[in-house]
Amino acid sequence: MAVASQVRIIFTIAIVCQLLLPRLCNLRVMASPTAVSEPKTLHQKADTAIDIEHAPVNDDPRQWSRARKTTTLCIVSLATMVSTLASNIQNPSNSLIEESLHVTSSQISWTLAVFQIIQGNFPLLWSAASEIKGRKPVYLVSSALFVVGSAVLALSKTIEVMIAMRALQAAGSSAAISISAATLADIYDTHERGTMMGIFYAAPLIGPALGPILGGSLSQDFSWRASFYFLLICGVVTILSFLILFKDTYRRGRSLTYRFALQRLDASKEPVQSPNESVVAGQDSSIPVEDIEKQLQPLHVPDATPALISTPGLDDFRLSIQDINPFPPYFRILSRKNNVVILTANGLVFGFSYCLSYTCARTLANRYGYNAFSTGLVLLCLGVGSIAGSVIGGWWSDRVLASMKAANGGKCYPEMRLESSKLAMLWLPPSVIGYAWVCEKHVNVAVICIMLVLIGFTSIWMYSGTLAYLVDANPGRSCTAVATNSSFRGSLAFVSVMTAVPLQDALGDGGLYTAWAGILVVMELLVMLVLRKGESWRRESEEREREILSN
């Protein structure tokens, strides 16, 4: 009963953070006259088509040299690796922190849970800011927050300060996780994103793999504070890389968020004659609210269109931070069924991976008697499998997409990307069940290492394809889509870290991961559902938006 009660409490907290808080904030911001919505352009007809992916821009990042693109890829990969390294480098030091600060295990668990929930949901703000102000300013500000948080953590003397600074550290590290994928979408075209996403995602996977090893080694040789000093150094290197070597990839002409904010600003300053001859002005209180809302609906943008209608004076406006409201784009991503289903699948994969690394370390310490460093070496197998799955899975995703595009007369749609996931689906649940009972029966640790490699390989193979699909299926909103993905991931990771230990104690590794294998089968069915229904769902959403505009 105690376990069930804890599970219910944690799920309630996660639901509040994931759904209730954004909705309350949305209601508050929508009441503000400066809030950003995504209005229909009042200067164009409702059926105007914009190929936002290939809008002509100055200094097109997709035309940059290979060296410039590779430099950008390396910098954002480094930033994301440091962000993921910060998530679990503390784990081997938890017992030392308890002794030093005289705190309990439950208080220590909050430093982990708070980090995950904030790192998962804070990207909503960073992504909105990056779509208005650009990628580089956001990278610099967030990296500065990470440096400050790491510095104070290394000097903290109370658990309250530590929890607060882990929250600040998480907020600073979260930008790289969401904006990096959008940065790659800025510089690489659709046909090469799968491979590059795979290479990119391999780098941050090194963080969780090396985190326990580095944390354990630094704690044993110095103190638990050494881990945070190490993160401080990494943060300084990252911020210098962005400041000196990074060239901003953001272009306003390819951002729907900026276009809609610009149109909203323009509409609020100049009265515009609407089709029904009524005048719409920013401060005209004589117009019914319902009519204004109809006129401020989002512009319909097909997935692939041959022509671009440019927005005059796109670069003539400088929008302020007051124009940023992350929640309308967030709910617009969630308004499409294909997005919700694939986001749920991605969240389940990440929740499983975080639960696995957390409980595996506990099993190795309690049942095999491993120290922090030896535990980190075993967990490195999960990282090695994940890196291989990310690179190979990304390459396979591009190959499958190219083959299907050729067979379809040179035309493609985002759901083709998911065909590459079928191969990994066959192996993931059996690998998880194998791991479950290998741990339960206390088999030689070499077998655990093999199972971890297989699990990492197959789970990230699938994830690299679904992440690339999420970017492809949301042209012009890739940053918000990835931020929403981080929100789902962080919320499910929060649930995982708070329920992993009581469920492991109650069910054992055999029962816990057999249940996870069943959940992953459901996840695979969700991916298959999007593969079959995703295109029709997207078209239904487009038709619904078109009907709203016509009313």
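A: Let's start with the contacts, meaning heavy atoms within 4.5 Å. Among those in the protein chain between residues at least 6 apart in sequence, 85% join residues at least 24 apart. This is a predicted model, where local features need pLDDT of at least 70, side-chain atom pairs count only at pLDDT 80 or more, and totals for chains, interfaces and linings use all residues. Residues are numbered from 1 along each chain as its sequence is written, and side-chain values use heavy atoms, with hydrogens and water left out.

The chain has 18 helices and 2 strands; both are DSSP runs numbered from the N terminus, with helices being H or I of at least four residues and strands E of at least two. Of its 551 residues, 57% count as buried. Buried means under 20% relative accessible area, exposed means over 50%, and partly exposed is in between (1.4 Å probe, protein chains only).

Now the rings. Rings of Phe, Tyr and Trp (its six-membered ring) pair if their centres lie within 6.5 Å; planes under 30 degrees apart are stacked, over 60 edge-to-face, and the rest tilted. That rule gives 13 aromatic pairs. Take Tyr139 and Phe246: their ring centres are 5.3 Å apart and the planes sit at 80°, so this pair is edge-to-face. Tyr139 belongs to helix α6 (residues 135-155), while Phe246 is in the loop between α9 (225-244) and α10 (256-269), so the pair ties together parts that are 107 residues apart in sequence. Tyr139 is buried at 1% relative accessible area, and Phe246 is buried at 3%.

For another pair, look at Trp395 and Trp396, which are tilted, with 6.1 Å between centres and 50° between planes. Trp395 is partly exposed, at 42% relative accessibility, and Trp396 is partly exposed too, at 26%.

Rings can also gather in a group: Phe352, Tyr435, Tyr513 and Trp516 make up one aromatic cluster. Over at Phe350, Arg489 lies over the ring face, 4.0 Å from the ring centre. A charge sits over a ring if NZ of Lys or CZ of Arg is within 6 Å of the ring centre and within 35 degrees of the ring normal.

Leaving aside neighbours within four places in sequence, Met523 is in contact with Ala345, Leu348, Val349, Leu428 and Met462.

Gln169 sits in helix α7 (residues 159-187) and is buried, at 0% relative accessibility. Not counting residues up to four places away in sequence, Gln169 touches Ala86, Phe115, Phe146, Ser150, Leu153, Phe228 and Leu231.

How far to trust all this? That's where pLDDT comes in: the predictor's confidence in each residue, from 0 to 100. The chain's mean is 74, and 72% of its residues reach 70 or more. Helix α16 (residues 428-440) has the highest confidence, at a mean of 93, whereas helix α11 (residues 289-295) has the lowest, at 32. Residues 1-50 have pLDDT below 50, with 104 contacts in the model beyond near neighbours in sequence. Residues 270-315 are also below 50, with 93 such contacts. Where pLDDT is low, the predicted coordinates should not be read in detail.
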